[in-house]
Amino acid sequence: MLNNIGLPGLLLIAVVVLVLFGRGKVSSLMGEVGKGISSFKKGVKEGSEEAESAGRELTDEMKLEEAKRDEKLRDVTPDDQTRA
């Protein structure tokens, strides 16, 4: 249904909207749409940064746990010197 609107149809819709709402309302509406898009992009960027930092913290925690496990294994495993 919307596939065959074309450029003339879009221009007609734009003119009708402009006549119905006026230039001031349309420009303020477009300004609000722009602010919304900017806020959305900012939120996505902050979310991805937060996810990356959480991933880094997780890998750091995993490295610490692995080091602790290795240290415990060294304490349990007898050395050659203790056998003799």
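This is a predicted model: local features need pLDDT of at least 70, side-chain atom pairs count only at pLDDT 80 or more; totals for chains, interfaces and linings use all residues.
Visitor: What do the side chains of Lys35 and Glu32 meet in?

Guide: They meet in a salt bridge, with 3.8 Å from N to O, and the count of salt bridges comes to 1. In general, side chains of opposite charge can pair when their charged atoms come close.

Visitor: And how many residues apart are Lys35 and Glu32 in helix α1?

Guide: Lys35 and Glu32 are 3 residues apart in helix α1, which means that about one helical turn separates them.

Visitor: New topic: how many helices and strands are there in the protein chain?

Guide: The protein chain has 2 helices and 0 strands, and helix α1 covers residues 6-76.

Visitor: What share of the residues counts as buried?

Guide: Of the 84 residues in the protein chain, 0% count as buried, while the accessible surface of the chain comes to about 8100 Å², with 62% of that belonging to carbon and sulfur atoms.

Visitor: Which residues make the nonpolar surface patch, then?

Guide: Ile5, Leu10, Leu12, Ile13, Val16, Val17, Leu20 and Phe21 make this patch, which is about 750 Å².

Visitor: Take Ile13: where is it, and how does it count by accessibility?

Guide: Ile13 is placed in helix α1, and it counts as partly exposed because its relative accessibility is 45%, a value between the limits of 20% for buried and 50% for exposed.

Visitor: Which residues form the negative surface patch?

Guide: That patch is formed by Glu57, Asp60, Glu61 and Glu65, and of these residues Glu57 lies in helix α1.

Note on methods:
Residues are numbered from 1 along each chain as its sequence is written. Side-chain values use heavy atoms; hydrogens and water are left out. Helices (H or I, at least four residues) and strands (E, at least two) are DSSP runs, numbered from the N terminus. Buried means under 20% relative accessible area, exposed over 50%, partly exposed in between (1.4 Å probe, protein chains only). Accessible areas come from the Shrake-Rupley method with a 1.4 Å probe; for residues, only the protein chains shown count as cover. Patches are made of residues with over 30% relative accessible area and no salt bridge: like charges are joined within 9 Å, nonpolar side chains (Val, Leu, Ile, Met, Phe, Trp, Tyr) within 5 Å. A salt bridge is a side-chain nitrogen of Lys or Arg within 4 Å of a carboxyl oxygen of Asp or Glu. Lys and Arg count as positive and Asp and Glu as negative; His and the chain ends are not counted. The place of a charge is taken as NZ of Lys, CZ of Arg, CG of Asp or CD of Glu.
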